[in-house]
Amino acid sequence: MRGSINRIDGKRGTTWQIVVDGEAGADGSRKQVRRRVKGSRKLAESALRDLVDQAQAGTLTAVSPVTVAGAFDQWAAVQAQRIRANTFATYRWQFSAYIGPRLGNMKLRELSGPVIQALLTELSERGGRTGKPLSRKSVHHVYRLISTLSRWCVRQKFIGRNPCDDVQPPRFKSPEIQTFNPAQLSKITAHLGEHAPWAVAPVLIGLLTGLRRSEILALQWFDLSLDSATPSLSVRRGVTYLESQHRLDIQAPKTSKSARAVALSPQAVAVLRGRLEAAEGEAAMTGKPLEPSGWVFGFADGSLPRPDSLSRAFTRACRAVGVPGHFHALRHSHASVLIGAGVPLVVVQRRLGHSTIATTADVYGHIAPDLQERAAALFDGAFKVSVPLPADTGRPALPAS
C-alpha cells in the first residue's frame, strides 16, 4: 500500500497531511484515508507508517473526531461505576496534571508512539513542580494510564491499534524500603508529643501492628478486643481523603486479605488503653457517652484527622530530629523486625494484609539472604542425621578405555 506526506504551512504553524491509499474497489478506484498531524516531519512519518500497518492488517478505522480529553471523559464515566472513589480521583488528577494540558486537545487519530514517548521524556526532564524532573514512579503511572486508556479506545473502535505498542515503557525500580530503629522512633515520638500530641498514638500503632495509615485512622472502638485472652483488633475499613470533593471517604478494604484480625502485643494494648482513657475523659468533659462506633483516633468533636495531615505531622517530626523517613516506613519497620526474628513469611503476609505472599516476598525479599545462615543452623539443630561417610572421599576412578 502506498502513502504520502504533504506539508501545510498555516497561521498556526506547520501541519502535515498524510494520505494512505486503500485497496482497489470493484470499479478500480482506491479509497484514500487522510489524517493531519501537528509537529515534526518525524512524527508525521511515524503516523504514516502506523496508518499503512493498520490498512495492511485490516484494522484501519473510520476517522474519529474524538479528542484525547473526550476519550478520557468517556472512559472515566465507565470507570466511575467500577473502581474505588480514591482510585478514580487519582486517575482524574493524573490526567489533568500531566496528560490533559499537553495532549488533551489532540485528536485520537493523531496520538502515536512518538507523541507519547515525547510526553514521557518531557515529564522526566521537567514535568515536576517549578520545572524539575518528575519522579520515575510518577512518569510510570502516567504511561500506565495512557496505555489503559488507549486499549479501551481500541475496544471502542476509536482507533485501530494501541499507540503505546510503539513506546519504550519507562523503567521504574521500587526504592529500597526504609525502616527505623528504637532510638530514632524515640526522638520522633518525643517531638510529636510536644508539637502534635494527637499523632503519637496512631504513629505507635502503625509501628506495633504494621497497619496502613488508612486502616489506622478508620479504627472504631468496637474493632478493638483489649480484654480478651488474646487481645486483637479487626481491620474492617479504610479512610482516604478525596481532594476534588473535599471530604473523607470511608470504604471497605480493597481485597478480602486486607480485612483481617491483627493480634496485639502488650505494648500495643497499652497504647490503645491510654487512648481509650483519654477519649473517655474527653467524653466526660462534653457530657456525651463514648460511643462504640466512635473513631479511636478521632478528635473530641467526633471528626477524623485527614490521612495526609498525619503523614505531614510525622514527616515534619522526622525532619526536625534529623531522621529521614515517612509514615509508611513504620509498616516497613514492623515487617522487617518480624522477618528478622524468623517469623514465617506467610504470617507476616496475613498480618500486613497483602493480597498474596508474592507481594510480601517482593517487598521484603532482600531481608531473606540475611536469614540463610540462621536457617541452616536451625535445621541442623532440629534434624539430626547420622550417616556413615565413605572412607575414600576421592573422585571415583574412570572406567578403563
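Cys153 is buried, at a relative accessible area of 0%. Buried means under 20% relative accessible area, with a 1.4 Å probe and protein chains only. This is a predicted model: local features need pLDDT of at least 70, side-chain atom pairs count only at pLDDT 80 or more, and totals for chains, interfaces and linings use all residues. Residues are numbered from 1 along each chain as its sequence is written, and side-chain values use heavy atoms, without hydrogens or water.

**Cysteines**
- Cys318 is also buried, with a relative accessible area of 1%.
- The whole structure holds 0 disulfides (pairs of cysteine sulfur atoms within 2.5 Å).

**Second largest cavity**
- Its volume is about 60 Å³.
- A cavity is a set of points on a 1 Å grid over the protein atoms alone where a 1.4 Å probe fits but cannot get out; lining residues have an atom within 4 Å of a point.
- The volume is the space filled by probe spheres set on the points, which are joined across faces, edges and corners.
- Cys153 is one of the lining residues, which also include Phe72, Phe95 and Ser150.
- Helix α5 (136-155) gives the most to the lining, with 5 residues.
- Helices are DSSP runs (H or I, at least four residues), numbered from the N terminus.

**Helix pair**
- Helices α7 (residues 200-209) and α11 (residues 328-340) pack at about 30°, with axes 6 Å apart.
- Axes are lines fitted to C-alpha atoms over the stretch in contact, and angles run from 0 to 180 degrees between N-to-C directions.

Terms used
Buried < 20%, exposed > 50% of the residue type's maximum accessible area, 1.4 Å probe, protein only. Helix = DSSP H or I, 4+ residues; strand = E, 2+ residues; numbered from the N terminus. 1 Å grid on protein atoms, 1.4 Å probe; cavity = no way out; pocket = protein on both sides within 12 Å on 5 of 7 lines; lining within 4 Å.
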